[in-house]
Structure formats: C-alpha cells, structure tokens
Amino acid sequence: MDTLTHLPAAEDIAAEWDRRAARPGLTRVMRASQPTELAEETTARTRGLVADYLRAVAPATALEIGCGMGRLTPTIAAHARDVLAVDMTARMVELARAACADLPHVRFLHAKVQDLPRHAPRFDVAVCVWVLMHVLDDAELATACQAIAAASRHLVLVEYEHAEIPVGKYSRLRQLDDYLAVLPGARLLERRDLHYGGDRSFAALIALEDAR
Ligand SMILES: C[S@@+](CC[C@H](N)C(=O)[O-])C[C@H]1O[C@@H](n2cnc3c(N)ncnc32)[C@H](O)[C@@H]1O
C-alpha cells in the first residue's frame with residue numbers, strides 16, 4: 001500500500017463529491033477521461049459481476065455502500081426483497097432515488113460508511129463498488145470496515161488495484177489483501193479481475209464472520 005502524507009480535509013472530499021454529482025451521466029461515478037461507450041460497456045460488465053455474486057449468496061436483504069447515482073442499485077434490487085442504499089453525498093442519493101423510483105423495496109440513507117448504524121440482524125450481503133478506494137485515511141478505512149462487518153454477513157467488494165493513468169488525490173490504490181486485513185472476520189470466497197481502460201480492479205466475494 002502506498003503511503004500518503006497530505007490527505008485532503010473531510011470538507012474538501014465532500015465538496016469534490018458534490019462537484020462530481022453535478023457532472024453528466026456516468027462521469028459522476030466513473031473516470032471523466034474515458035469514452036462514454038467504454039464506461040457503458042464496463043458498467044454492463046460490472047452489473048453482470050455483481051449479479052453473479054448476488055446469485056451465489058441468494059440474499060433476502062442487501063446493503064449498498066456508496067450507491068452514487070444508482071448505477072448498480074436496480075441490479076442489487078433485482079436480487080433482494082429489501083435493499084438499503086447509503087451514500088455520503090446528498091445529490092448522489094437524490095439521483096439514486098430517482099433511478100429507483102419504481103422500486104419500493106429500496107430505501108436510502110444519507111450517511112458515511114464510517115457512521116453506518118449497527119444493523120440487527122445483519123444484512124445478507126453488502127455491495128461496495130469503487131467506494132473504499134475513496135476513504136483515504138487508514139484509520140477511517142478501518143472504522144468503515146468494522147462498520148461493514150457489523151452490518152453484513154457477506155461483502156461484494158470492487159476496488160482499483162492498478163491504474164494505468166495515475167489516480168488523483170481523492171482516490172487511493174490498495175490491494176485486496178489490504179482490505180482483507182482490516183475487515184473483521186473476512187474470508188475470501190472468490191476473486192476476479194475487472195479491467196476498465198488500462199485500469200484493473202479486483203471484484204471479490206468475501207464472507208464476514210461475526211467478529212462481535
Ligand atoms: C466512484 S462513486 C461509485 C458509486 C457506485 N458504487 C457505482 O459504482 O456506481 C463513489 C461514491 O461513493 C460515495 N462515497 C465516497 N466516500 C464515501 C464514504 N466514506 N461513505 C459513503 N459514501 C461515500 C461518493 O459520494 C460516491 O457517490
């Protein structure tokens with residue numbers, strides 16, 4: 001894992017996500033420098049990957065962490081009867097709510113993953129795609145991972161491991177092992193690679209033993 005010395009302040013991170021929420025289309029949640037067709041094709045593959053892992057878990061309840069504009073929320077909603085989608089950016093939550101207007105079993109919460117309330121019983125699965133790479137501080141990441149493990153029995157986690165074009169100051173490259181090390185009771189069930197332009201993400205299905 002790389003070492004960062006100067007991290008943006010919490011208010012700068014929040015302002016950056018407000019700015020991104022005002023961008024057009026998929027550039028709100030994907031690299032603005034990539035062609036639209038590639039973003040759409042990668043989105044279709046990401047939905048397929050998430051759906052494969054959800055079929056393996058067969059969840060009744062699902063938690064989406066960092067739902068953004070709701071790019072993946074309907075896919076998750078097709079596999080669970082109760083979905084809670086969480087994001088720290090109010091405008092993103094609004095967009096996701098609009099994307100799920102015809103899905104009454106999807107609820108929304110405007111919150112940081114670090115502040116997720118304990119959930120009893122735990123969700124069957126949490127889905128977190130390109131979110132924890134934006135939790136820059138290691139202590140905050142550990143808090144976020146503890147909150148996820150306390151809230152869910154499984155985790156579908158997709159994060160960048162390698163970037164061909166260097167990521168900016170609001171993203172941080174970590175390896176799957178870095179996340180497994182701070183997810184309490186984590187057991188890797190399966191991993192695949194997801195390529196987007198020159199970037200490589202891992203897509204992992206992780207069981208989370210109840211560490212409480
Ligand atoms: C790159 S977007 C990905 C959105 C969605 N998962 C997707 O794949 O389309 C990252 C999202 O995570 C949200 N986010 C970033 N840090 C967060 C945190 N600490 N807690 C909750 N949401 C966060 C941002 O507001 C943004 O909507």
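1. The protein has 6 helices and 7 strands, where helices (H or I, at least four residues) and strands (E, at least two) are DSSP runs numbered from the N terminus. Read along the sequence, these elements follow the pattern α-α-β-α-β-α-β-β-α-β-α-β-β. Please keep in mind that this is a predicted model, in which local features need pLDDT of at least 70 and side-chain atom pairs count only at pLDDT 80 or more, while totals for chains, interfaces and linings use all residues. Residues are numbered from 1 along each chain as its sequence is written.

2. On overall dimensions, the C-alpha trace of the protein spans about 40 × 40 × 30 Å along its principal axes. Of the 212 residues, 40% count as buried, a residue being buried if 20 or more other C-beta atoms lie within 10 Å of its own, exposed if 12 or fewer, and partly exposed in between, with C-beta atoms placed from the backbone.

3. Contacts (C-beta atoms, placed from the backbone, within 7 Å) can also be sorted by sequence separation. Among contacts between residues at least 6 apart in sequence, 67% join residues at least 24 apart.

4. The 7 strands of the open sheet come in the order 3-2-1-4-5-7-6, with mixed pairing, two strands being paired if DSSP finds at least two bridges between them. Its edges are strand 3 (106-110) and strand 6 (186-196), each of which pairs on one side only. Neighbouring strands of this sheet are turned by 20° against each other on average, direction ignored; the axes behind this and the later angles are lines fitted to C-alpha atoms, for helices over the stretch in contact, and angles run from 0 to 180 degrees between N-to-C directions.

5. Strand 2 (residues 82-87) pairs with strand 3 in the parallel sense over 5 bridges, and Val86 has Leu109 in strand 3 as its bridge partner. Strand 4 and strand 5 also run parallel and are joined by 4 bridges, with Val158 in strand 5 as the bridge partner of Val129. By contrast, strand 5 and strand 7 pair in the antiparallel sense over 8 bridges, and here Glu159 stands opposite Phe202 in strand 7.

6. Which handedness does the β-α-β unit of strand 4, helix 5 and strand 5 have? With helix 5 covering residues 138-151, the unit is right-handed, in the sense that, with the strands pointing away from the viewer, the path from the first strand over the helix to the second runs clockwise.

7. Helix 2 (residues 36-57) lies across strand 4 (125-129), strand 5 (154-162), strand 6 and strand 7 (199-208), and runs at about 160° to strand 6. Helix 4 (residues 90-99) lies across strand 2 and strand 3, at about 170° to strand 3.

8. Helix 4 also packs against helix 1 (residues 10-21), at an angle of about 35° and with the axes 8 Å apart. In this contact Trp17, Asp18 and Ala21 of helix 1 meet Arg91, Met92 and Leu95 of helix 4. The residues involved divide into 4 nonpolar, no polar and 2 charged, where Ala, Val, Leu, Ile, Met, Phe, Trp, Tyr, Cys and Pro count as nonpolar, Asp, Glu, Lys and Arg as charged, and the others, Gly among them, as polar.

9. Ala58, in the loop between helix 2 and strand 1 (61-65), has a positive phi of about 50°, and Ala58 is exposed because 10 other C-beta atoms lie within 10 Å. Trp130, in the loop between strand 4 and helix 5, has a positive phi near 60°, but Trp130 counts as buried because it has 21 C-beta neighbours inside 10 Å.

10. Finally, Ser171 lies in the loop between strand 5 and helix 6 (176-182) and counts as partly exposed, with 15 C-beta neighbours inside 10 Å. Not counting residues up to four places away in sequence, Ser171 touches Met133 and His134.

Definitions and conventions:
Two residues are in contact if their C-beta atoms, placed from the backbone, lie within 7 Å.
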